[in-house]
Amino acid sequence: MSMNHIRPWRHIERRKSRQIHVGNVPVGGDAPIAVQTMTNTPTTDVAATVAQVQAAAEAGADLVRVSVPDEASSKALKEIVRESPVPIVADIHFHYKRGIEAAEAGAACLRINPGNIGDEKRVAEVIRAARDHNCAIRIGVNAGSLEKHLLDKYGEPCPEAMVESGLDHIRILQDHDFHEFKISVKASDVFMSAAAYQQLAEATDAPIHLGITEAGGFVSGTIKSAIGLGQLLWMGIGDTLRVSLSADPVEEVKVGFEILKSLGLRHRGVNIISCPSCARQGFDVIKTVETLEERLAHIHTPMSLSIIGCVVNGPGEALMTDVGFTGGGAGSGMVYLAGKASHKMSNEQMVDHIVEEVEKKAAQIKAAQDAAE
């Protein structure tokens with residue numbers, strides 16, 4: 001339950017945007033911020049791509065993007081869409097016909113890059129296909145592929161050039177009476193991305209897709225994304241996001257959710273609060289948390305768990321969590337339930353016992369939610 005009425009410093013006023021639908025997923029308005037990822041398997045390998053889509057969906061992805069670089073991929077897309085548990089976004093570059101084919105194949109959204117999709121006539125044909133097949137469009141501006149006339153005008157990629165590119169293509173869509181679109185202005189530079197998104201948010205009411213493109217490997221990319229996306233989300237900007245990592249797409253989803261969870265914008269699964277460990281720890285905190293993250297990954301119900309190595313901060317953290325464990329002495333620690341000390345448990349049995357308590361609490365929360373509905 002939100003406590004922001006007594007904690008105003010946690011309140012985020014989201015930017016007011018139009019709402020569109022990507023398949024059955026609402027994007028913008030008061031809808032939850034949707035989390036996306038992208039497959040990295042060859043699209044023509046239907047089995048591998050579907051498996052990756054399903055894994056991403058299980059991790060919490062609301063939407064999954066798939067590359068459509070050639071006609072063979074367009075044909076494979078139809079089967080992928082049919083087997084996918086979530087709406088599929090088709091990633092289109094260079095050849096406008098791939099966009100038409102993807103719409104015909106059942107894609108819920110087409111991601112087109114203004115810098116390389118072609119002239120307005122070709123864009124118009126893609127718009128027509130999207131309208132005919134109830135398909136949304138994402139205008140995906142990227143600092144690395146801006147139109148030549150904008151690079152000539154501004155001298156280099158910059159926030160102003162990115163926003164101008166996006167607004168130019170918004171006008172093309174609107175001139176063709178097409179309004180089911182969202183927009184992104186991505187760069188690998190955190191400063192450029194943040195500035196571009198802030199300018200864009202003031203210039204349009206279109207739903208905004210957030211991302212720091214080509215952010216890097218798991219650690220560096222996560223940090224860049226947390227800084228760039230985190231500040232924008234804190235400002236209320238953003239209706240959907242993708243964390244772009246040189247890593248497994250499932251990791252992108254996990255990081256995206258953790259960013260949203262840290263700001264109280266989405267709630268899914270167990271939020272583990274744990275200490276970094278020190279010489280005071282009464283058990284191996286790092287190994288315990290690693291094991292619990294793996295064993296509790298199947299729980300989607302939002303709840304909190306504190307794992308603290310000693311009594312300095314353990315009892316205080318446990319007051320704010322659904323389940324907690326604080327290290328003590330003599331090979332045992334204290335289990336907390338609903339913020340109150342409940343019973344002692346040996347370190348040897350603690351992991352199995354905590355998993356059991358978390359599963360029990362998750363079932364209670366789920367039952368209460370079902371009863372309320």
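F325 is buried in this predicted model, with a relative accessibility of 0%. F325 forms a ring pair with F283, and the count of aromatic pairs in the model comes to one.

**The aromatic pair**

- The ring centres of F283 and F325 are 5.4 Å apart and the ring planes meet at 75°, so the arrangement is edge-to-face.
- F283 counts as buried, at 8% relative accessibility.

**Arginines over rings**

- R18 is placed over the face of F181, 4.9 Å from the ring centre.
- R268 is placed over the face of F257, and here the distance to the ring centre is 5.7 Å.

**Cysteines without disulfides**

- A disulfide is a covalent bond that joins the sulfur atoms of two cysteines.
- The number of disulfides in the model comes to zero.
- C109 has its closest cysteine sulfur in C135, and the distance of 6.0 Å is too far for a bond.
- C310 is likewise in no disulfide, the nearest cysteine sulfur being that of C278 at 5.5 Å.
- C109 is buried, with a relative accessible area of 0%.
- C310 is also buried, with a relative accessible area of 12%.

**Positions listed in the record**

- Under "binding site", an unreviewed UniProt entry lists C275, C278, C310 and E317.
- C310 is located in the loop between β12 (303-308) and α11 (314-318).
- Apart from residues up to four places away in sequence, C310 touches R280, P315, T326 and G327.
- E317 is located in helix α11.
- E317 counts as partly exposed, with a relative accessibility of 31%.
- When neighbours within four places in sequence are left aside, E317 is in contact with I273, S306 and I308.

Definitions and conventions:
Residues are numbered from 1 along each chain as its sequence is written. This is a predicted model: local features need pLDDT of at least 70, side-chain atom pairs count only at pLDDT 80 or more; totals for chains, interfaces and linings use all residues. Side-chain values use heavy atoms; hydrogens and water are left out. A disulfide is a pair of cysteine sulfur atoms within 2.5 Å. Buried means under 20% relative accessible area, exposed over 50%, partly exposed in between (1.4 Å probe, protein chains only). UniProt positions are given in the numbering used here, feature names are shortened, and annotations may be inferred rather than shown by experiment. Helices (H or I, at least four residues) and strands (E, at least two) are DSSP runs, numbered from the N terminus. Contact means heavy atoms within 4.5 Å. Rings of Phe, Tyr and Trp (its six-membered ring) pair if their centres lie within 6.5 Å; planes under 30 degrees apart count as stacked, over 60 as edge-to-face and the rest as tilted. A charge sits over a ring if NZ of Lys or CZ of Arg is within 6 Å of the ring centre and within 35 degrees of the ring normal.
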